[in-house]
Each structure stands twice: as structure tokens, then as C-alpha cells.
Amino acid sequence: MPTDPPSVGPWVACPVHARGQLTPETLVARWSKLHAGDAEPLPASEALLAGWLQYHNGDFESAAQAGLALGADGATLVYKATCIYANYLEPGEARRLILLQQVAAQAHDQQNRTPGNANIHYWQAYALGRYSQGISVAKALSSGLGRSLREALQRCLTLNPDHADAHLALAHYHAEVIDKVGELIGGMTHGASKTTALALYDRALALNPDSAITRCEVALGWTMLEGPRALERAQQLRETAWALQAQDAMEQVYLQAAKADLQAT
């Protein structure tokens, strides 16, 4: 069962312009599209559905608290709400890393209780990945976090071979290792492969083609792996993503952050 979200003070509210306007009825109607990436099943209880409604409309702290109250049934809601908040809205780097560390630890513990839940493994990997980026990928690799991340994603994909977000995250693992230490050392030391990464990106796009986030993340991966040769097609893919309407608060804050990052480079 998840423990309390970290005591790092009140969470920053999602910007008003990014908040969603979903109702319980529209959430159910759009559920399969909203969760095409993580394959989270439609909640069986009204309480869990209400928590997910808070998440999709941008009330991440209330969503995490709602998931917490539901024990193991709300675990993935707790982890997703916390990770997305930490990654896109938390302004303090130290606080952000605390949140991600605790999600990784809690998800690891939860796997012993619900080992067949693919998303428990996925959110452990997501938290480890974002935490690794915060402390530097090189430092994370030397401390063994990369191996833990890769193993969690492989367990997720064993349980659900069509988990689009896990394909995307595993592709990023290969791409970031190669980007930081090179293909030769990355392959010999960390099992990273450019060919594997490109195939995983293709699979993620095939499984979730209408996701603006997937398109932007694949574009990022292409540029890490292929440099200037991929710039034109990566930009074309980003432009198709930006033309899509954000489906919920998470996509809204993601697309704003992605555009800001690209403009800063």
C-alpha cells in the first residue's frame, strides 16, 4: 500500500489555463484514448474514477490523496499524479527529487504485493528515470539506477507487451546512455543499442500514434541518436504534435514545457 506523499510542503497548483474540463461522463468516454500510453484499466469504483478525474483536470495533489485513501487500488494514481506533478510543476529541484525518490521506493515495495500490475513497474521506472536525469545520467548509471530502471521496464513489458509508454521509456534508456557515453561503451557496459532504441521508438509510435507527447518524445530520441541527420524529420514530427489538441492537463503542461525547452536551445 502506498505511504503518504512526501512532506515537502503544499504542491503548486496547476495553471488555470492548463486545467481540464472533463466530467465523469466524458472521462469514461475518452478513457481509452487518455490511457492509450499506459493502458491503465478503467476504474471499477466511483471513488477511484473520481480520483482520476481530479488527475486529468490538473488537481494532482488531490488526485494523489484520493489514490492514497484507496490503498493498493489507488497506487498507480498516487504514483502517476506525483510523478507528473514533480516533473512538470514542482519548482524546487530538491523537492522534486524527493518526490521521485519516494515514488520509486514505494512502487518497488508495492510490486511485492501486486506483482502482476504492469503500471506499478512502469512508474518505478519513470520515477527512476526522471530522478536520474536530475542527478545526471552518468552518475545514475554508475550507481546502478540505470539497471534498475531497465529491469522495471522489462518486467512491465513482460506483463503487457503493448504498453506504449514502456516502449518509449525503454527507448529513452538506450538513447540517453548512448548520448552520454557513446554507442560502444553504452553497449558493452549498459546494454544500450541504437538499433534497439529506434525499433522501440517505432513501436511506441505504432501503439500510440495520436499522442502529442509520444510524438515529441520520439522526436527528441531521434535527435539524441542521429544528431543533425534527424533534425528535419524530428521537427516535422513535433509540428504534427503541436497541431493536436491537448487531451488533459498533463498534456497541456507537457506541451508548454516542450515548446519552452526547444525555444531555449
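**Close-up views of a predicted model**

View 1. Two packed helices are described by the angle between their axes and the distance between the axes. For helix 6 (residues 118-135) and helix 8 (residues 145-159), the angle is about 155° and the axes lie 8 Å apart. Angles over 145 degrees count as roughly antiparallel, so helix 6 and helix 8 are roughly antiparallel to each other. On the helix 6 side, the contact is made by Ala118, His121, Tyr122, Gln124, Ala125, Leu128, Gly129, Tyr131, Ser132 and Ile135. Helix 8 answers with Leu145, Ser148, Leu149, Ala152, Leu153, Arg155, Cys156 and Leu159. Sort the residues of this contact by class and you get twelve nonpolar, five polar and one charged.

**View 2. Helix 4 packs against helix 5.** Here's another pair to look at. The axes of helix 4 (residues 75-88) and helix 5 (residues 93-111) come within 9 Å and cross at roughly 160°. That angle makes helix 4 roughly antiparallel to helix 5. The crossing of helix 4 and helix 5 is left-handed. From helix 4, look for Ala75, Tyr79, Thr82, Cys83, Tyr85, Ala86 and Asn87 in the contact. Their partners from helix 5 are Arg96, Leu99, Leu100, Val103, Gln106, Ala107 and Gln110. By class, the contact of helix 4 with helix 5 has nine nonpolar residues, four polar ones and one charged one.

**View 3. The second largest pocket has a volume of about 250 Å³.** Now for some empty space. Rolling a probe the size of a water molecule over the atoms shows where empty space is left. This pocket is lined by 18 residues, and the closest to its centre are Glu40, Pro41, Asp73, Thr76 and Asn117.

**View 4. Gln247 sits in a loop between two helices.** The last close-up zooms in on a single residue. You'll find Gln247 in the loop that runs between helix 13 (231-242) and helix 14 (249-264). Leaving aside residues up to four places away in sequence, Gln247 touches Lys33 and Leu34. Have a look at His56 too: Gln247 and His56 are 191 residues apart in sequence, yet 8.6 Å apart in space, C-alpha to C-alpha.

Terms used. Residues numbered from 1 in each chain as written. Predicted model: local features only at pLDDT ≥ 70, side-chain atom pairs only at ≥ 80, totals over all residues. Heavy atoms only, no water. Axes fitted to C-alpha atoms, helices over the stretch in contact; angles between N-to-C directions. Helix = DSSP H or I, 4+ residues; strand = E, 2+ residues; numbered from the N terminus. Parallel < 35°, antiparallel > 145°, perpendicular 65-115°, else oblique. Contact = heavy atoms within 4.5 Å. Nonpolar A, V, L, I, M, F, W, Y, C, P; charged D, E, K, R; others polar. 1 Å grid on protein atoms, 1.4 Å probe; cavity = no way out; pocket = protein on both sides within 12 Å on 5 of 7 lines; lining within 4 Å. Points joined across faces, edges and corners; volume = space filled by probe spheres on them. Left-handed = near helix turned anticlockwise from the far one by under 90°.
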